[in-house]
Each structure stands twice: as C-alpha cells, then as structure tokens.
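Student: Could you show me how to read helix packing and salt bridges in a model like this one?
Tutor: Gladly; let us look together.

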Amino acid sequence: LTGEGRVFGRRVALVACVKSKRTTAAPAGELYTSTLFRGLRRYAEANAATVHYMDHASRAGNKRLVARSGLGLANGLLPGATPVLNGIEQCEHIIADLPEDRQVQSIVMCIVAQLRAMNGEFDTARALSPRASAAPASTPCRAPTTVRRVCSSPGAGAAAARTSCAR
C-alpha cells in the first residue's frame with residue numbers, strides 16, 4: 001500500500017512496511033530491507049522527483065518540459081506501487097493540463113486505458129484503447145494488447161500489465 005500527501009508543506013510518499021527489517025536502529029527509509037520495499041521506495045522517490053521537476057518547469061513557463069515530465073510521471077504509474085485509482089486521477093490531470101501536446105496526451109491515454117482495465121473497467125478501457133492508438137505514428141502504444149490481456153484474465157492480466165510496463 002502506498003499513498004502520497006503533504007506533511008509540514010513538503011510532498012511525501014508513504015510506502016507500506018514489510019516483514020524484513022534491520023535488527024539495528026536505522027533511519028525510517030533504511031529500516032526495511034526487502035526487495036519489494038526498496039523497489040516501491042524507488043518508484044515513490046522517482047515520482048516525487050518528477051513532480052518537483054514539473055513544478056519548476058511550470059514556474060519557468062516551459063510547457064514542453066512540463067509535458068515531457070508529465071509523460072515520465074504517467075509512465076511510472078503502471079509499474080510502480082501507486083494505487084490504480086490514484087494513477088487514473090493523476091493521468092487525467094496530465095491530459096487536462098496539456099491539451100496542446102497530442103503525443104503526450106495519446107501516450108497518457110494509453111496508460112489510462114491500461115489502468116482502467118486493471119481496475120475492472122473493461123468497457124471503458126476498450127473504448128479508450130482505440131482513441132489512444134490513434135496517436136501520431138511515432139507514438140508507441142501497447143494499450144490494445146495489454147487491455148485485451150487484462151480484460152480476458154483480470155487477476156493475471158493486471159499483474160502482467162504492471163510487469164510488461166516495467167521493462
């Protein structure tokens with residue numbers, strides 16, 4: 001389980017505790033030693049860094065950097081530990097905030113289609129999939145294949161979607 005929020009004005013990401021931990025005192029981020037925890041922590045830190053980068057690009061008025069970092073944030077949602085509904089919400093904000101960048105919008109739409117399928121919203125995912133695939137020719141979109149896989153076998157498909165996107 002992970003979550004995001006603000007503590008004392010700073011953006012923080014919370015990653016659930018796991019069983020294996022050090023036997024000696026250590027800072028909270030280093031206390032847990034499992035591979036799962038380290039992986040989830042890396043995704044949480046990468047997403048936080050991307051949001052920080054987006055904030056700076058936005059303040060500088062650089063829409064292209066905001067769009068590209070939004071794309072990086074969305075790409076990190078599929079293989080990461082962000083809950084699916086939070087990922088959908090973040091992607092929809094990216095799409096709404098970047099109406100002039102069709103390439104970023106279509107790639108993020110691919111990600112939304114996959115997240116919707118992972119959430120059991122199969123009809124919505126199938127409807128989004130062709131729209132996302134209508135992207136410029138240079139835009140890679142695995143949504144149709146992944147959405148079909150998730151819709152045909154929901155439990156195994158969701159895990160496969162996260163795994164295929166982690167490559």
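We take the helix pair, then the salt bridges.

Tutor: This is a predicted model, where local features need pLDDT of at least 70, side-chain atom pairs count only at pLDDT 80 or more, and totals for chains, interfaces and linings use all residues. Residues are numbered from 1 along each chain as its sequence is written, and side-chain values use heavy atoms, leaving out hydrogens and water.

Student: At what angle do the axes of helix H4 and helix H5 cross?
Tutor: Angles run from 0 to 180 degrees between N-to-C directions, and those over 145 count as roughly antiparallel. Here H4 (residues 84-97) and H5 (residues 102-118) cross at roughly 160 degrees, their axes coming within 9 Å, and are therefore roughly antiparallel.

Student: Which residues of H4 meet H5?
Tutor: Contact means heavy atoms within 4.5 Å. Val84, Gly87, Ile88, Cys91, Glu92, Ile94 and Ile95 in H4 do so, and their partners in H5 include Val108, Leu115 and Arg116.

Student: How many salt bridges are there?
Tutor: A salt bridge needs a side-chain nitrogen of Lys or Arg within 4 Å of a carboxyl oxygen of Asp or Glu; the count comes to 4. In one of them, Glu92 pairs with Arg116 (2.4 Å, N to O), linking distant parts of the chain, 24 residues apart. Arg116 also bridges to Glu121 at 2.7 Å, N to O.

Student: Is Arg116 buried or exposed?
Tutor: Buried means under 20% relative accessible area, exposed over 50%, and partly exposed in between (1.4 Å probe, protein chains only). Arg116, at 15%, is buried, whereas Glu92, at 37%, is partly exposed.

Conventions
Helices (H or I, at least four residues) and strands (E, at least two) are DSSP runs, numbered from the N terminus. Angles under 35 degrees count as roughly parallel, over 145 as roughly antiparallel, 65 to 115 as roughly perpendicular and the rest as oblique.
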